[in-house]
Amino acid sequence: MNGSQDEDRTHARTRSRTASRVAVVQALFQIEQAGDTPEAVIHQFLRHRLGVVPAADHGAEYEDGRVPEADIRLFEQVVRSAVAQREQIDALIVDVLPASWPVGRLDPVLRALLRAAGGELAVVGGVPTRVVINEYLDIAHGFFSGDEPKMVNGVLDTLARRLRASDTASASEAEAETVAEETPEDAHGAEGA
């Protein structure tokens, strides 16, 4: 396999994970607004919105509201985590926001986005914190054009520190071991990637 194929696979995987995170925000919004159960919404998304339909015209799938390259496992994991950890995530959001901005006063999409990110950050041994924050910041920029992305950045930074406090020590130790094992060539190659 050549470098171009590796880059294409990495880009496709990144795109599929981003698509999954956008779907998580939409699913959490639907769960809250319609009062649907998480499992019912997950089932609806899997059946009607995510994944490839066999023998379908791939160009039409996006037009029909389908996201064919979504990472289904990530979608299910984050929706379930966000719902299971909702009270803890909301309490952390309340701690970060000014007293005049309770969670209920937030825009429902913004609330769903923060809960989605919190749900993913709560997954032990999950995706690196920096990746999660960057992904949800990109999603925030897709939904909002005002100051909301700045607020998302601040809230997620604090959520990450609090939700991953126990993981931080383990991650730091693992990172230190990885860095110690890297050669100068490896470190230089990683920067250029």
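Colleague: Which residues does Tyr136 touch, leaving aside those up to four places away in sequence?
Modeller: This is a predicted model, and in it Tyr136 touches Arg21, Val25, Val78, Leu113, Ala116, Ala117, Glu120, Val152 and Leu156. Each of these counts as a contact because heavy atoms lie within 4.5 Å.

Colleague: What part does Tyr136 have in the largest nonpolar core?
Modeller: Tyr136 is listed with Phe75 and Ile93 as the residues with the most contacts inside that core, which has 44 residues. At least two core residues come from each of α1 (3-34), α2, α4, α5 (86-96), α6, α7 (129-143) and α8. As a general rule, nonpolar side chains in soluble globular proteins tend to be buried together.

Colleague: How many helices and strands does the chain have?
Modeller: There are ten helices and zero strands. Buried residues make up 34% of the 193 residues, where buried means under 20% relative accessible area.

Colleague: Why is α2 called roughly antiparallel to α4?
Modeller: The axes of α2 (residues 38-48) and α4 (residues 72-84) cross at roughly 160° and come within 10 Å. Angles over 145 degrees count as roughly antiparallel, so α2 is roughly antiparallel to α4. Their crossing is right-handed.

Colleague: Which residues of α2 and α4 meet?
Modeller: From α2 there are Pro38, Glu39, Ile42, Phe45 and Leu46, and they meet Ile72, Phe75, Glu76, Val79, Arg80 and Val83 in α4. By type, the residues of this contact are eight nonpolar, no polar and three charged.

Colleague: What makes α6 roughly parallel to α8?
Modeller: Here the angle is about 30°, with the axes of α6 (residues 108-121) and α8 (residues 148-163) 10 Å apart. Angles under 35 degrees count as roughly parallel, so that is the label for α6 and α8. This crossing is right-handed.

Colleague: Which residues of α6 meet α8?
Modeller: They are Leu110, Leu113, Leu114, Ala117, Gly118 and Leu121, and their partners in α8 include Met151, Val152, Leu156 and Leu163. The residues of the contact divide into twelve nonpolar, one polar and one charged. Gly counts as polar. Leu113, Ala117, Val152 and Leu156 are also among the residues that Tyr136 touches.

Colleague: How much of the contact in the chain joins residues 24 or more positions apart?
Modeller: Such pairs account for 67% of the contacts with a separation of 6 or more.

Key
Residues numbered from 1 in each chain as written. Predicted model: local features only at pLDDT ≥ 70, side-chain atom pairs only at ≥ 80, totals over all residues. Heavy atoms only, no water. Axes fitted to C-alpha atoms, helices over the stretch in contact; angles between N-to-C directions. Helix = DSSP H or I, 4+ residues; strand = E, 2+ residues; numbered from the N terminus. Parallel < 35°, antiparallel > 145°, perpendicular 65-115°, else oblique. Left-handed = near helix turned anticlockwise from the far one by under 90°. Core = buried A, V, L, I, M, F, W, Y, C linked by side-chain atoms within 4.5 Å. Buried < 20%, exposed > 50% of the residue type's maximum accessible area, 1.4 Å probe, protein only.
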